[in-house]
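Please open the model in your viewer and keep the sequence panel at hand.

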Amino acid sequence: MAARDSYGRLLALLSASASDIAAAEDALADAFERALRTWPAHGVPASPDAWLLTVARNRLRDHWKSAQAQRAFPLDREQDSLAHADDLDVDAIPDRRLELMLVCAHPAIERAAHTPLMLNTVLGFTAEQVGRAFSVPASTMATRLVRAKRRIKAARIPFRIPDRANLPARMTAVLEAVYGAYVIDWATTGPQARQVPSEALHLAEVLTRCVPGDPEAHGLAALVQLSASRAPARLDADGSFVPLPDQDPSLWDSRLIERAHEHLRVAHARRHLGRFQLEAAIQAVHCARRRAGTTDWPTLLTLHRVLHTIAPSLGSGVALAAVTAEVEGPAAGLATLDALLQDAGQHARRFQPARATRAHLLDQLGRTEEAVAAYDSAIDLTHDTAERQYLQHRRDSASLRSQHRWPENRK
Amino acid sequence: MRYVLLMHYREPAEGEISEEAIAEAMEAFGAYGRALAEAGVLLSGDVLQPAAATTTVTSREGVLRVQDGPFAETKEALAGVFVLDVPDLDAAIGWAEKCPGAQWGVIEVRPTATALVKGRWTR
């Protein structure tokens, strides 16, 4: 088992039996520490995971005893038996990471904490690493995580798969939390390379292993992989942002694209379409340029229309407007976008993709002065350095063109 | 584990709610109470009189103060309390969902830290 897999599985199991993530983390940390002390001298046990689990369980039991175990925790004799720990088949250790993910994304936990909790518990990233991913100081993130874990224990949020009536809504929250890990990849790319690579890739893969029959989990995994596959082409040799249509497809990661297609095949076989499958299908069409040489815009337009119908959001609307512009021309795209912004109201004003798309469309229509103003407002909302520079460059060239034309118009 | 469901909602003015609506609500609370009892999770349930009937008492400033009115004047007032014994938060949320008060107000679900059972504090 890979180290991260192993950590998440052990922590999920310990947390579920203790209904207490913090206590489980402490016990597991003790077990790792003891492993570091004893393995070099006595050799690595035949099954390191079973060894760690046994030691951590003993720690948890000590912890309950010393805390006078005011509440009698039912210990499952069979499961907790210490005998034959070394013979234990690692794959027989039950995988309770789905329960852990459901707890992390429980409605009683504030939404902003869902993704950080998952990265911290399921993948074992430290508060500092998670904080860096979210551009939050380590101490702030640590406080947030501790508070959430305390809440899980105090309110007794169960480590259990909810009944069928509640499961769909709860799975949606889990999918969205994993999606949240994917979104930070783009939102916070700073000048330095990311310290926590591929956390979304990993979480999405774990989720498909936990719920192999859930088409949306496969759709989400495919979406994350397809987007990640293009990461190597997103910056050119000078570190400048390269928009998707200008990217060199030969730089895309074919291994990731291949894996994404496997997930999509599994998802489609379930015959139940959903938002993440559609988003992945859209990314797959973009990636198909690698083989076809051109982009199939009409298909993209259809997919975007369906997506905006079944899961309307500001993001899906802006994307639909951009694709409409590709197929039906910039005027049609701008009309779609402005209608969307009109309906969305005030909060849409600070949505960077809407501003950037509007600037591009005005620019294409030759309405350069309006485009310059629109680029300015988009630049104000862009955090990514490379993308900022790219927008700045477009803005300056639009500005030049408008100045050139200005005297001509005056004549 | 013991959870308290605290019902909060705006207190209606005198005569604001029709006789039929009141009868309907009483019917709903009746059914809810029977469901709680049948599931074996009900420890107690009280629907409170309006805040006009409430009195607050404190000695925290050194002298006894008895005042009329609730602790905090809010738009939504504490209106009722159910004490349940259920395994976990999901079960408690499930019962809060079914509470008639959730139709027109807000139910706060709070685990208890310690409780008096037969005159003794337990955990």
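**Before selecting.** This is a predicted model, in which local features need pLDDT of at least 70 and side-chain atom pairs count only at pLDDT 80 or more, while totals for chains, interfaces and linings use all residues. Residues are numbered from 1 along each chain as its sequence is written, chains are lettered from A and ligands numbered from 1 in the order in which they are written, and side-chain values use heavy atoms, with hydrogens and water left out.

**Stop 1: confidence in chain A.** The chain averages 87, and 88% of its residues score at least 70. Now select residues 71-88 of chain A, where the pLDDT is below 50. Beyond near neighbours in sequence, this stretch has 21 contacts (heavy atoms within 4.5 Å) in the model. Residues 187-197 of chain A also stay under 50, with 16 contacts beyond four places in sequence. Where pLDDT is low, the predicted coordinates should not be read in detail.

**Stop 2: the cores.** A nonpolar core is a set of buried Ala, Val, Leu, Ile, Met, Phe, Trp, Tyr and Cys residues joined through side-chain atoms within 4.5 Å; buried means under 20% relative accessible area, exposed over 50% and partly exposed in between, with a 1.4 Å probe and protein chains only. Which residues touch the most other members of the largest core? Select Met101(A), Met118(A), Leu203(A), Leu207(A) and Phe82(B), out of 104 residues. Helix α9 (residues 167-187) of chain A supplies the largest share of this core, ten residues; helices (H or I, at least four residues) and strands (E, at least two) are DSSP runs, numbered from the N terminus. Apart from this core lies another of 25 residues, including Leu314(A) and Ala371(A).

**Stop 3: Arg275(A).** Arg275(A) lies in helix α13 (residues 275-287) of chain A and is partly exposed, at a relative accessible area of 22%. Among the residues that Arg275(A) touches are Glu176(A), Tyr179(A) and Glu216(A).

**Stop 4: a sheet in chain B.** Display the open sheet of four strands, ordered β2-β5-β1-β6 with antiparallel pairing; two strands pair if DSSP finds at least two bridges between them. Its edge strands are β2 (42-47) and β6 (106-111), each pairing on one side only. Finally, select β1 (residues 2-10), which pairs with β6(B) over six bridges; Met7(B) has Ile107(B) as its bridge partner there.

Definitions and conventions. pLDDT is the predictor's confidence in each residue, from 0 to 100.
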